[in-house]
Amino acid sequence: MASSISPKQALSFTSSAQQRHQSRAIPREFHVRFPASASLPSSRCAVKSKAARLKVLAASAAKVMDQSPSKASPQAPTVVEVDLGNRSYPIYIGSGLLDRPDLLQRHIHGKRVLVVTNTRVAPLYLDKTISALTDGNPNVTVESVILPDGEQFKNMETLMKVFDKAIESRLDRRCTFVALGGGVIGDMCGYAAASYLRGVNFIQIPTTVMAQVDSSVGGKTGINHPLGKNMIGAFYQPQCVLIDTDTLNTLPDRELASGLAEVIKYGLIRDAEFFEWQEQNMPLLLAREPAAFTYAIKRSCENKAEVVSQDEKESGLRATLNLGHTFGHAVETGFGYGQWLHGEAVAAGTVMAVDVSRRLGWIDDSLVQRVQKILQQAKLPTSPPETMTVEMFKSIMAVDKKVADGKLRLILLKGPLGSCVFTGDYDQKALDETLRAFSKS
C-alpha cells in the first residue's frame, strides 16, 4: 500500500469470516471446546499486498484452549510472532510468565537493564521483574525509574526522568529498556528507547488489558502534546512482549473494562466470529475467568500482529485499528488527559463512528444496536462527556494524525459485521449530524 493515498480514496477491508464459518467456528458458549486452529487468514484486505504470514509458535491454540484451566501449565506459554523479517519478535502469553527467567533473559543482549514503571505497578511487580531478569544471570545489573501514574503524565517532562536515569547510570548502546506497566508506560519507555543513544533494545511487559491486547504490540511509541494525543513519537519495535496474565488479578475493574474496548474493536473491523464470541462470553471476561481472558488476549494479539506484519507504519490497513479513536482522542484531549481512561473514550468514539456509518447508509440498525449492547455489557460509556461541544470536537480532530491534505479520514464500518473502510470520501453532512447528536452546539 502506498503512503500517498488520496484523502478521497477509500480503502475497504472486509472480513472473510463467513467463508471460514463452517470450517472454524468459535463456540457460542465458553464451556464448549475451542477451535482446533485459531490462526487468521493471511489477508482480509481488498488492497493487494505481499503480506507476511502470521505465525503461531510453541504451544498451539488448540493445545492451550482445549485444556481445562486446572490442567493448563504456566510453563507452556502461547507464542504469537509479529512477522517483520529480521525485526520479528514473539509475544509470550500465559500465567506465571514472570516466574520464567529464561523468557526475558534470552532477549537481553548486554549487561545493563533499565526498568521503567510507575507508582502503582512498582510495589506489585518490580521486584519480581528484577528477579526474572537476574536469577541465574549475575552479569546483568538492573536500574529502575518509577514514574507517576496516569495519562496526564505522558509528556516530555516525565519522559526526561527516563533519560535522566539512563544517563546518570551511564547506560550504553547494549543496554535494554523494559516497560513494566500499562499503555502509558509502554508508550513512553518505547519512545525513550527509540531516542536514547539513537536507539537501544527494549522489552514490553504489559500489565493492563489495554496494553496486553493492543498498545504493547506493533511498535507505536510516543507522548502527548497539550494540543493533541500521541502527536510526538516513533515507530519502534520491541525485542519481545511478555504477557503474564496473572497481572490482571490486581487490575482495577475500571481499567479492565477500559481494555475491553480494544478487544471489541477487533471484532467489529475484521473478525466477526470473535465479536460473536464476545457477545456470548462478556460476563466471563468481566469475571476475569482465566481461560476466557487468555483466549481473548491471544485472539486480539493475532489480529494486531497480522495487521502490523502487513502495514507496520500505518499507510492504510493499520489505520483501521483506530476505529473510534479519532473521536476518542478528541475526548481525551478536550476533557483533559486522565479524566477518562483511553478505552472509555474509545468506546464513546466507537459509538459515534458507528453512528456516522449508519447515517451514510453503510450499515443497518441491527449492527448499531449490537454495538451499543456489547459496550454496555462491558460497562463502558456510549456517549462522550456532556462538556464536549461540536466546536471542541472539530478543532481537535482537525489536527488528528489521519488528516491528509486538509481532509479528515475516518475509519467507518461498511457492509456486514467485520468489514470497514478507511476513507476521506464521505458526506460531511453525516459527520456534522453525528457531532450535533452527541455534543452541545
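Which strand does T176 lie in? T176 lies in strand β7, which covers residues 176–181. T176 is buried, with a relative accessible area of 1%. "Buried" means under 20% relative accessible area, "exposed" means over 50%, and "partly exposed" is in between (1.4 Å probe, protein chains only). Leaving out residues up to four places away in sequence, T176 touches H107, I108, H109, R112, V113, L114, N201, F202 and I203. A contact means heavy atoms within 4.5 Å.

**What you are looking at**

This is a predicted model, where local features need pLDDT of at least 70, side-chain atom pairs count only at pLDDT 80 or more, and totals for chains, interfaces and linings use all residues. Residues are numbered from 1 along each chain as its sequence is written, and side-chain values use heavy atoms, with hydrogens and water left out.

The predictor's confidence in each residue is called pLDDT and goes from 0 to 100. The protein averages a pLDDT of 86, and 83% of the residues score at least 70. Over residues 1–9, though, the pLDDT is below 50, and this stretch has 23 contacts in the model beyond near neighbours in sequence. Residues 16–73 also stay under 50, and the model has 118 contacts for them beyond four places in sequence. Where pLDDT is low, the predicted coordinates should not be read in detail.

As for the overall build, the protein has 15 helices and 15 strands. Of its 441 residues, 60% count as buried. Take the contacts between residues at least 6 apart in sequence: 77% of them join residues at least 24 apart.

**The cores**

A nonpolar core is a set of buried Ala, Val, Leu, Ile, Met, Phe, Trp, Tyr and Cys residues joined through side-chain atoms within 4.5 Å. The largest one has 82 residues, and I91, L268, F327, F393, L413 and L431 have the most contacts inside it. Apart from it lies another core, of 23 residues, among them L171, A192, V200 and F202.

L417 is buried, with a relative accessible area of 14%. The C-alpha atoms of L417 and A272 are separated by 5.6 Å, although these residues are 145 apart along the chain.

**A hairpin**

Strands β9 (residues 220–225) and β10 (residues 228–235) run antiparallel and are joined by five bridges. Two strands count as paired if DSSP finds at least two bridges between them. β9 and β10 form a hairpin with two residues between them, and H225 stands opposite G228 in β10.

**Charged pairs**

A salt bridge is a side-chain nitrogen of Lys or Arg within 4 Å of a carboxyl oxygen of Asp or Glu. By this rule the count comes to 26. Here are three of them:

| Pair | Closest N to O |
|---|---|
| D214 and K304 | 3.3 Å |

K265 and E262 both lie in helix α8 (residues 253–269), three residues apart, about one turn of the helix. K265 counts as buried at 2% relative accessibility, and E262 counts as buried at 0%. D214, E262, K265 and K304 are linked in a network of salt bridges.

**Cysteines**

How many disulfides does the structure hold? The structure holds zero disulfides, a disulfide being a pair of cysteine sulfur atoms within 2.5 Å. The sulfur of C175 is too far for a bond because the closest cysteine sulfur, in C189, is 9.9 Å away. C175 is buried, with a relative accessible area of 0%, and C420 counts as buried at 2%.

Definitions and conventions:
Helices (H or I, at least four residues) and strands (E, at least two) are DSSP runs, numbered from the N terminus.
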